[in-house]
Amino acid sequence: MEISPLQKKAFIDWFLDHYDLPKREIVWLFDYLLKRDELLNNLHFVFEAHLCPRSMIISVQEGEERPFRFYKEHVVTNEVEKAFHDIRMNHGEPLYVEMNFEGVRNSKEYISVLEDNPFLPDDYYLEDSDYKEIDILLNYVANEQYILELKSKIDQALDEGDLKSFNFYSSLLNNQQAEDQNRR
């Protein structure tokens with residue numbers, strides 16, 4: 001779903017009304033953006049903006065040492081003027097913006113303009129324990145599938161009256177179930 005410039009303007013206005021920005025230059029930058037739909041069309045609110053090739057992060061959280069950061073490729077600056085110059089000179093390029101404020105993840109205003117970050121790796125939020133859980137789940141699913149296949153072969157052997165196959169697959173099933181019991 002594409003977010004319209006009008007929706008972005010409404011969010012920025014709401015943000016400026018509700019939060020005091022630590023640098024007045026940030027307000028000027030937002031005023032500049034608000035007056036230019038072309039820039040707003042290329043403006044995308046995301047989480048983890050530091051992963052994007054061209055982005056800025058604005059934070060109004062208490063104790064934040066760097067309330068403004070602008071990223072372009074592998075260069076980072078906290079100077080709003082440099083960001084303003086880049087935005088003015090490269091108005092056709094996408095600009096990804098992350099806003100950090102108290103309760104941002106529960107803010108209906110922010111969620112209304114939030115887009116998926118196209119530069120966020122699929123496994124970005126996974127931890128080692130998540131990978132272990134995934135392995136356990138995959139092993140469980142593979143084991144259940146194996147048991148279902150054995151039961152199907154047992155049924156087929158019964159239908160065909162094949163006692164040798166029935167005994168073979170029943171033995172495999174019994175062994176598998178015994179292994180499962182020992183793992184628990």
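Two strands count as paired when DSSP finds at least two bridges between them. By that rule, this predicted model holds an open sheet of 5 strands in the order β1-β5-β2-β3-β4, with mixed pairing. Helices α1 and α4 lie across strands of the sheet. The structure also holds 6 salt bridges.

**The sheet**

- Strands of a sheet pair through backbone hydrogen bonds, either parallel or antiparallel.
- The 5 strands run in the order β1-β5-β2-β3-β4, and the sheet is open. β1 (43–45) and β4 (75–77) stand at its edges. Each has a single partner strand, so one side of each is left without a neighbour in the sheet. From one strand to the next, the twist averages 20°.
- β2 (residues 54–59) and β3 (residues 68–72) run antiparallel, joined by 5 bridges. Across this pair, S55 stands opposite Y71 in β3, and M56 stands opposite F70 in β3.
- β3 and β4 also pair in the antiparallel sense, over 3 bridges. Here K72 stands opposite V75 in β4.
- A hairpin is formed by β3 and β4, with 2 residues between them. E73, in the turn, has a positive phi of about 55°.
- β3 is largely enclosed by the rest of the structure, because 4 of its 5 residues are buried.
- N100 sits in strand β5. N100 counts as buried, because its relative accessibility is 15% and the cut-off for buried is under 20%. Leaving aside residues up to four places away in sequence, N100 touches I57, I58, S59, V60, Q61 and R69.

**Helices around the sheet**

- Helix α1 (residues 5–18) lies across β1 and β5 (95–100). α1 runs at about 60° to β1.
- Helix α4 (residues 80–89) lies across β2, β3, β4 and β5. α4 runs at about 40° to β3.
- Helix α2 (residues 24–34) has a set of buried residues: E25, I26, L29, F30, Y32, L33 and L34. Their cover includes α1, α3 (37–41), β2, β3, α4 and β5.
- H85 belongs to helix α4. With a relative accessible area of 42%, H85 is partly exposed. H85 and L29 are 56 residues apart in sequence, yet 10.0 Å apart in space, C-alpha to C-alpha.

- Side chains of opposite charge can pair when their charged atoms come close.
- D37 and K9 form a salt bridge, with the closest N and O atoms 3.1 Å apart. D37 lies in helix α3 and K9 in helix α1, so the pair ties together parts that are 28 residues apart in sequence. Both partners count as partly exposed: D37 has 38% relative accessibility, and K9 has 24%.
- E93 and R54 meet through their side chains in a salt bridge (3.8 Å, N to O). This pair links distant parts of the chain, 39 residues apart. E93 is in the loop between α4 and β5, and R54 is in strand β2.
- The two partners sit in unlike surroundings. E93 is partly exposed, with a relative accessible area of 31%, whereas R54 counts as buried at 4% relative accessibility.
- R54 and E93 belong to a network of salt bridges that also links K72 and D86.
- K108 forms a salt bridge with E109, with the closest N and O atoms 3.8 Å apart. K108 counts as exposed at 65% relative accessibility. E109 counts as partly exposed at 23%.

**A nonpolar surface patch**

- L137, Y140 and V141 make a nonpolar surface patch of about 310 Å².
- V141 lies in helix α6 (residues 128–160). V141 counts as partly exposed, because its relative accessibility is 46%.
- An α-helix has 3.6 residues a turn, so residues three or four places apart point the same way.

Methods:
Residues numbered from 1 in each chain as written. Predicted model: local features only at pLDDT ≥ 70, side-chain atom pairs only at ≥ 80, totals over all residues. Heavy atoms only, no water. Patch = residues over 30% accessible without salt bridge, like charges linked within 9 Å, V, L, I, M, F, W, Y side chains within 5 Å. Areas by Shrake-Rupley, 256 points an atom, 1.4 Å probe, with all protein chains shown as cover. Salt bridge = Lys/Arg side-chain N within 4 Å of Asp/Glu carboxyl O. Buried < 20%, exposed > 50% of the residue type's maximum accessible area, 1.4 Å probe, protein only. Axes fitted to C-alpha atoms, helices over the stretch in contact; angles between N-to-C directions. Contact = heavy atoms within 4.5 Å.
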